[in-house]
Amino acid sequence: MSVVTKLTPKTQGLAPVATISALPSRPRKRLVLPGWAKGLAVNTVPPLMVMLVILAIWEIAFSAPGSNLPTPSVVWMESADLILEPFYVYGSQDIGLGWRVLTSLERVAYGFGFASIIGILIGAVIGQSIWMMRGLDPIFQVLRTVPPLAWLPISLAAFMDSRPSAIFVIFITAIWPIIINTAAGVRNIPADYRNVAKVLRLNQIEFFFKIMVPAAAPYIFSGLRIGVGLSWLAIVAAEMLTGGVGIGFFIWDAWNSSRLTDIIVALVYIGLVGLLLDKLVSFIGRVVTRGTSEA
Amino acid sequence: MAYLNISHVEKTFVTGAKRAEVLRDIQLDIEKGEFVSIIGHSGCGKSTLLNLIAGLTDVTKGGIKLDGYEVKAPGPDRAVVFQNHSLLPWLTVYDNVKLAVDKVFRGKKSKAERHDWILHNLDLVQMRHAADKRPGEISGGMRQRVGIARALAMEPKVLLLDEPFGALDALTRAHLQDAVMDIHARLGNTMIMITHDVDEAVLLADRIVMMTNGPAATIGDVLDVPLARPRDRIAAATDPAYLKARQAVLRFLYERHRFVEAAE
């Protein structure tokens, strides 16, 4: 039987039309939000709800006595100081997570900075020359699959010090996507732009800054975005092994002293900072490539 | 010798074992201040000929001389207006012209003079009002105007136009044709324009170079257009000289050298 026949009795059972006209006299209260608040609510309410549900499930699942992992409430009780005070300093090794994150970020800044400059230059050369491309691309394709930490022993042997080694690991991890994307971007520069450069007789340096970099910027920035993500992955892992005051070592240290709740807080920090890094690079990319993606 | 002298030019493209003879025995003299249209069916190598004059492609045999100098490489003395404007999308209209002006006139003109020169050239194509816009924010016809301004700003000995209005609608195209005629009348540039539009060729040119079909295309005929300047498109439409020239080109294209879809 169809739905229509089932519905018919209901429609008949409704109150007469006349009473409906009385409705507007008592309007329902409805939350009216300005445009920006609506947008904010749309973007924040669903993830907050989901997070609450996950925390609740987590709380229930691990609240049995003798469970292996701490519940959210235990994390809060034992590690609230880490969450509330990111920038305390109680001693050279006892500092807030904010400071630790900044230490790690400094290393990322060095490693990723070098990787960006050198990666873009190498990528530009490879993108311009078909022979360089043929010769180097296979090597890059192999090297880029090497996991970040596999570079660490070699890097320690070369630098004999943990700090430059960690920076080198970030550098060598982040550089491949930057090279490969820059090269792809340079290869895809429209022939028209090259012809314009030829007619104007731009020299190599002028061509690099005035045509190549802006034209390949969208590609370069997608490489940088991948690179910064890999850098952040690499630094946490590298610090676990090299020590120091970074966030990675903090996790290792907390594991050795069985402070599981601290580790959980640190993980949240790492995740949020990684997200911020990604957003930052993609924001800069959007601003810089404003013109290129048009037309 | 003529201002621009193309003598016995031949172009053969070689890719691997394949040889494709595109142009054969091209012989053409163009005088200073002349407006020459090159017309032919698609694939006849007219763009290749323009690229040879621009120096973007090397000649296989023969030689091209401009103002006594052999053409060997591209340069601002042979500015090109490309079919798809090829403005740099990340630069404003002003900066696109500035790129050319700075490169060509650095050391010859002061900064203020270069600024005035950029605006002067934008005025020539009536685009000063959009100086701060990016190419993505203006219409196709406006972009092509800016492309012309950029080329003019290089003060080229010869201005090469590669089907400059091919991608535009008929009305915009008419406006731009008028703009080009106006510029030609005011500045007296030597201009070579590739086109596949018969009316455009007749209306704008002093001489029409008609190309035979490829492969191994060559110049089939050269037609003088004895129309007085300034020319008016409405008056020209009924002018017997215009109609005669138009008919001659049509005859060349559709009777003597009918285009047969190449079966490759």
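**Notes on the predicted model**

1. Ring pairs join A:Phe159, A:Phe168 and A:Phe171 into a cluster. Rings of Phe, Tyr and Trp (its six-membered ring) pair here if their centres lie within 6.5 Å; planes under 30 degrees apart count as stacked, over 60 as edge-to-face and the rest as tilted. Searching the whole structure turns up six aromatic pairs over all chains.

2. Before going on, a word on ground rules: this is a predicted model, where local features need pLDDT of at least 70, side-chain atom pairs count only at pLDDT 80 or more, and totals for chains, interfaces and linings use all residues. Residues are numbered from 1 along each chain as its sequence is written, chains are lettered from A and ligands numbered from 1 in the order in which they are written, and side-chain values use heavy atoms, with hydrogens and water left out.

3. Have a look at A:Phe208 and A:Phe209, an edge-to-face aromatic pair at 5.0 Å centre to centre with 85° between the planes. A:Phe208 counts as buried at 16% relative accessibility, whereas A:Phe209 is exposed at 56% relative accessible area. The cut-offs: buried is under 20% relative accessible area, exposed over 50%, partly exposed in between (1.4 Å probe, protein chains only).

4. Over in chain B, the axes of helix H4 (residues 140-153) and helix H5 (residues 170-187) come within 10 Å and cross at roughly 20°. Axes are lines fitted to C-alpha atoms, for helices over the stretch in contact, and angles run from 0 to 180 degrees between N-to-C directions. H4(B) and H5(B) are therefore roughly parallel (angles under 35 degrees; over 145 is roughly antiparallel, 65 to 115 roughly perpendicular, the rest oblique). Helices (H or I, at least four residues) and strands (E, at least two) are DSSP runs, numbered from the N terminus.

5. Who makes that contact (heavy atoms within 4.5 Å)? From H4(B) come B:Gly141, B:Gln144, B:Arg145, B:Ile148 and B:Leu152, while the H5(B) residues include B:His175, B:Leu176 and B:Ile183.

6. B:Gln144 sits in helix H4 of chain B and is buried, at 2% relative accessible area. Leaving aside neighbours within four places in sequence, B:Gln144 has contacts that include B:Phe82, B:His85, B:Phe165 and B:Leu176.

7. Last one: A:Met132, in helix H6 (residues 130-143) of chain A, is partly exposed at 37% relative accessible area. Not counting residues up to four places away in sequence, A:Met132 touches A:Val125, A:Ile126 and A:Asp137. A:Gly248 is 116 residues from A:Met132 in sequence and 38 Å away in space, C-alpha to C-alpha.

Terms used. Contact means heavy atoms within 4.5 Å.
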